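Colleague: Could you walk me through the pockets of this one? I have the structure open and would like to follow along.

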Amino acid sequence: MPSHIALTALLVHDYDEAIDFYTRALGFDLAEDTARPDGSRWVVVRPPGATESALLLARAKDEAQRSRVGDQTGGRVGHFLYTDDFARDHARMTAEGVRFLEEPRHEPYGSVAVFEDLYGNRWDLLQPAA
């Protein structure tokens with residue numbers, strides 16, 4: 001198997017509120033939610049149909065981590081959610097209360113709009129140009 005990035009850890013304040021946002025508002029699948037002996041959980045979400053990449057929702061465990069929730073990339077877009085139907089997903093996400101920071105743009109590389117997750121992490125919703 002070729003090397004690939006399988007999981008990206010994303011700090012969250014609360015497992016259940018993060019699961020709700022990612023599965024309801026973004027339409028992700030809950031791939032795993034396993035209790036661990038230390039009281040933490042191994043929570044993995046991924047876009048529907050994704051097989052090689054996912055997010056590990058990691059509850060912040062100390063003040064240093066809590067201070068980084070929502071700002072793991074210093075305020076820049078740090079996550080890129082590709083779609084095969086920008087208009088459909090933008091409308092669905094907007095209806096679910098996802099906060100878009102700009103109107104959709106149509107660039108040479110595709111249709112795109114920046115949105116924030118429930119903690120303020122910035123994402124691109126992006127449909128690459130054909």
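Predicted model: local features only at pLDDT ≥ 70, side-chain atom pairs only at ≥ 80, totals over all residues.

Colleague: Which residues lie nearest the centre of the largest pocket?
Modeller: The largest pocket has a lining of 20 residues. Two or more of them come from each of strand 1 (7-12), strand 3 (41-46), strand 4 (54-59) and strand 5 (77-82). Nearest the centre lie Thr 8, Ser 53, Ala 54, Leu 55 and His 79.

Colleague: Thanks! Which strand gives the most to that lining of the largest pocket?
Modeller: The pocket in question has a volume of about 340 Å³. With four residues, the top contributor to its lining is strand 5.

Colleague: How many charged residues are in the lining of the largest pocket?
Modeller: Let's go through the classes. The lining of the largest pocket has 13 nonpolar and six polar residues. Its count of charged residues is one.

Colleague: And the second largest pocket: which residues are closest to its centre?
Modeller: That pocket has a volume of about 250 Å³. It is lined by 14 residues, and the closest to its centre are Tyr 15, Arg 36, Ser 40, Arg 59 and Lys 61.

Colleague: Which element provides the largest share of the lining of the second largest pocket?
Modeller: The elements giving two or more residues to this lining are strand 3 and strand 4. The largest share is four residues, and it comes from strand 4.

Colleague: Last one: how many charged residues does the lining of the second largest pocket have?
Modeller: By class, six of its lining residues are nonpolar and three are polar. The charged residues number five.

Notes:
Residues numbered from 1 in each chain as written. Heavy atoms only, no water. 1 Å grid on protein atoms, 1.4 Å probe; cavity = no way out; pocket = protein on both sides within 12 Å on 5 of 7 lines; lining within 4 Å. Points joined across faces, edges and corners; volume = space filled by probe spheres on them. Nonpolar A, V, L, I, M, F, W, Y, C, P; charged D, E, K, R; others polar.
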